[in-house]
Amino acid sequence: MSKLTYKSTSLPRAKKNWSILKSSLLLKYALSYILIFLIPLTGVTVFVYENAVNSLRSEIEQSNVNQLNQVKMTIDDRMRELQEIASKIAYDEHLTPYMVRHPYYGWEAIRQLSTYKANSSILEDLFLYFHDDPTIYSSRGLTNVDVIFNQTYQFKNESKVDLLRDLNEATHPIMRPAEQVNVNYRKESMLTLLVPIMPNDPFPYGTVVYLMEESKLTGVMDSILNEFSGSSYIFDQDGKMLTSNNHGASMPKDELSVLSSLQPGIHNLTLNNEKQSVVAVLSQENGWTYVTAMPSHQFFSRVVHIQTLILFVFSIVVLTGIAAAMLLAKRQYHPIKDLMEFAKLRSNSTALDSAKISNEWDWIKQTIHDYNARIDIQEPYVRNQCLLLLLKHGKPDDPEIEQLILGAGLELPQGQGYYFSVILAWNASYAGENARQERQQMQEMLHELALPGLHAQVYGIEFSPSEQFALMVSVVPSEAVTQQQQVEQIVETVKRMVIENSQLMPSIGVGTPYENLAELNQSFIEAATALEFRLAGGNGHVTYFEHLAELSSPGAETFWISKKSLLKLEQSLKQGNESVTRQMLSSIIHDIKNESLSVPLLRCICYDLLNAMLRVASEMGMHSVIQHIAALASFDTLDETEQKLNGLAEQICAQVERNTETEQHSLMDDIVAYVDQQYADYTLSLEHIALKYSISTSYLSRSFKEKTGLNFSQYISRCRMEEVIRLLLSTDAPLKDIIERVGYLDTPNFIRKFKKETGFTPGQYRKLNAPEASTVK
């Protein structure tokens with residue numbers, strides 16, 4: 001055959017990536033993954049952001065409450081100081097009406113008023129007025145009332161008449177709202193506090209007048225409400241605004257009434273067409289209400305750094321998530337892409353092209369539809385493979401194989417029956433073409449046999465030992481007969497059918513029934529053990545493994561290993577079934593442990609067990625084992641004995657497998673020759689060949705690669721590729737005919753594969769190498 005030349009190229013890889021990027025299914029997967037993480041991420045981000053803003057808002061509002069309470073306590077302290085000054089003036093003996101009017105002691109009264117004025121940091125001036133007196137007294141001396149309130153302090157909002165009325169009639173402290181006052185021809189915003197004396201006396205005789213600059217009071221507020229952006233107000237007990245301090249736009253007058261009527265606490269209001277966070281506290285000293293109003297948007301300006309951080313983290317997570325989503329989508333799409341390529345390779349390309357299918361799932365669906373018709377044809381092969389697996393190795397712990405077994409009908413519904421194995425064998429004297437044809441017909445009859453009258457289903461398969469046929473029988477128990485009677489009726493029915501339909505007289509070995517399908521391999525070993533005694537009964541004789549118990553020494557007064565157990569152990573070793581061998585050894589050792597035996601008898605029994613295994617080893621050609629008999633026969637405990645016997649069993653089973661491989665060496669030559677002849681058959685598969693030659697797929701795969709150096713698929717591909725090259729160079733047949741002739745059904749896919757292998761398309765390869773070969777039609 002022509003040698004293949006290989007040339008590396010990145011073009012197929014680029015085209016493959018481009019086809020992946022163009023896939024709408026891939027984009028749907030990617031979009032799905034992006035939405036799956038983006039929607040919750042967005043929700044969580046918004047939730048975290050809102051919580052951060054609300055937490056900061058609550059923190060700022062609570063801070064405003066605390067600061068406003070501090071403002072209230074500070075101003076309350078100042079007002080309390082003024083009240084205390086008024087009380088001291090009322091009880092000061094130097095400031096009685098007599099003393100202040102006395103020509104000699106009046107100067108001491110003036111000096112005392114100076115002292116009281118100095119005691120308060122917020123006072124601009126202090127006056128003492130006695131009812132119906134035209135003179136008013138201050139730290140600067142006595143002055144006429146008209147002079148003080150017409151020239152020195154000229155109030156803008158209140159007239160002198162109103163002021164004099166309050167001075168003469170006030171019975172409780174009165175705080176006049178801040179207003180513009182002309183003080184010696186300069187304007188200042190001042191507050192006036194009138195405190196009657198005696199304080200708390202229903203019939204006061206005078207009034208202490210305090211003049212305070214508004215800036216002194218608002219300065220106290222500013223010093224406490226540090227970095228406050230908004231407006232702060234003080235309302236008296238009647239709701240009149242005493243003073244305000246605006247950092248920003250001032251509040252319209254018509255909305256101040258809303259603030260003055262607020263209950264203490266935190267309020268969210270819309271004032272001046274803007275959402276405001278308003279905090280109000282109430283003074284228990286004088287009933288004044290302290291209010292701060294801050295525009296809500298200022299909260300968001302304070303969380304700009306949080307917003308930026310959250311947005312940055314969100315962007316990073318989104319970009320990372322999109323990259324991860326694309327990666328996951330590509331990984332999710334990759335097996336679908338492989339399935340689609342398989343669909344293109346195995347399906348009828350003309351049918352798929354005519355369907356104009358653009359979605360990969362539709363390609364796969366079409367392929368499954370095409371293969372659905374072939375499944376029924378291959379179902380017997382699958383069942384035979386499962387049956388062979390059950391007989392040889394029991395039921396594996398593999399969900400997929402369990403599903404295949406259940407789908408093949410080999411397993412009864414849970415807990416509804418039992419299973420046992422039967423082996424049929426013929427004497428070697430039944431030879432010739434007629435005997436072979438009769439056995440073939442008998443095998444077809446027992447391949448699948450229903451016995452409804454006996455509530456049984458029989459499945460049969462030929463296995464590797466020549467002239468033998470194994471049956472698996474699944475039975476639903478009958479209340480009319482015992483289990484043993486039901487088994488005997490089934491076996492006799494099968495035997496009668498074989499005799500009636502052929503001249504063959506088989507020997508039959510029957511294993512023990514088991515309720516668990518996983519123990520069918522135990523029954524198979526037992527049936528093979530029973531079959532060992534077919535010479536004792538001749539052809540047509542049926543041997544039940546249960547009846548082998550009669551071979552033991554009945555009535556013995558001491559303990560011996562039953563002949564049945566030894567026979568089953570020997571048969572499991574001959575079959576190379578290590579798992580059953582270990583189970584038998586464990587069971588025998590367990591039975592020995594349960595008996596109270598003397599040490600000498602115990603050693604004899606263990607030597608009997610060892611001798612049985614050494615006999616099988618000798619039959620398998622393991623003569624070197626005798627050299628290690630001293631080590632095997634040296635043991636002190638039953639556990640040590642079991643460990644050494646398990647090691648010997650492992651060696652024997654390995655030797656059985658090597659003997660089998662040696663015997664089947666020529667079989668691999670036949671299989672390779674068969675593949676060389678049938679490689680153009682597109683239905684050719686590893687499973688098909690394994691069933692044809694009655695060997696396991698794993699053994700075939702391993703042995704095939706050891707024989708050829710390539711696995712099965714690689715070898716088929718190489719044979720087909722070399723034949724295509726030969727036909728390209730030796731014929732002028734159309735490329736499509738050549739490709740179909742070697743077993744490929746998808747021409748475009750083969751062209752891509754050919755270019756990947758050789759670096760050229762088939763047409764280019766033919767043109768480049770045409771001069772080197774003659775053209776044959």
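**Notebook: helices, sheets and cores**

I began with helix α16, where twelve of the twelve residues are buried, so this helix is largely enclosed by the rest of the structure. I listed the buried residues, among them Leu 520, Phe 524, Glu 526 and Leu 531. I noted for myself that this is a predicted model. I then looked up the length of α16 (residues 520–531): from its first C-alpha to its last it reaches 16 Å, close to the 16 Å expected at 1.5 Å a residue.

**Whole protein**

I looked up the totals next. The protein has 777 residues, and 44% of them count as buried. I found 29 helices and 18 strands.

**The six-stranded sheet**

I wrote down an open sheet of six strands in the order β14-β15-β16-β13-β17-β18, and its pairing is mixed. Which strands stand at the edges? They are β14 (448–451) and β18 (542–544), each of which pairs on one side only. On average, neighbouring strands of this sheet are turned by 20° against each other, direction ignored.

I checked one pair more closely. Strands β14 and β15 (residues 456–462) run antiparallel and are joined by four bridges. In this pair I found Glu 448 opposite Tyr 459 of β15. Helix α16 packs on the sheet and touches β13, β16, β17 and β18, with its direction at about 35° to that of β13.

Helix α15 lies across β13, β14, β15, β16, β17 and β18, and it runs at about 35° to β13. I tested the length of α15 (residues 483–501): its 19 residues should span 27 Å at 1.5 Å a residue, and the end C-alpha atoms are 27 Å apart, which agrees. I noted buried residues in α15, including Gln 486, Ile 490, Lys 495 and Met 497.

**The seven-stranded sheet**

I turned to an open sheet of seven strands, ordered β3-β2-β1-β7-β6-β5-β4, with antiparallel pairing. Its edges are β3 (141–144) and β4 (153–155); each has a single partner strand, so one side of each is left without a neighbour in the sheet. Neighbouring strands here are turned by 35° against each other on average, direction ignored.

How many bridges join β1 to β7? I counted seven, and the two strands run antiparallel. Phe 130 stands opposite Gly 206 in β7. Helix α4 packs on this sheet, touching β1, β2 and β3, and its direction makes about 140° with that of β1. Helix α7 lies across β5, β6 and β7 and runs at about 65° to β7.

**Nonpolar cores**

Last, I looked up the largest nonpolar core. It has 45 residues, of which Ile 75, Ile 89 and Tyr 210 touch the most other members. Elements that give two or more residues to this core include α2 (24–91), β1 (123–130), β7 (206–213) and α7 (214–224). The largest share, twelve residues, comes from α2.

Leaving aside neighbours within four places in sequence, Tyr 210 is in contact with residues including Leu 82, Ala 86, Asp 125, Leu 193 and Val 195. I also found a second, separate core of 33 residues; Leu 609, Leu 610, Leu 614 and Leu 645 are among them.

Note on methods:
Residues are numbered from 1 along each chain as its sequence is written. This is a predicted model: local features need pLDDT of at least 70, side-chain atom pairs count only at pLDDT 80 or more; totals for chains, interfaces and linings use all residues. Side-chain values use heavy atoms; hydrogens and water are left out. A nonpolar core is a set of buried Ala, Val, Leu, Ile, Met, Phe, Trp, Tyr and Cys residues joined through side-chain atoms within 4.5 Å. Buried means under 20% relative accessible area, exposed over 50%, partly exposed in between (1.4 Å probe, protein chains only). Contact means heavy atoms within 4.5 Å. The expected span of a helix is 1.5 Å times one less than its number of residues. Two strands pair if DSSP finds at least two bridges between them. Axes are lines fitted to C-alpha atoms, for helices over the stretch in contact, and angles run from 0 to 180 degrees between N-to-C directions.
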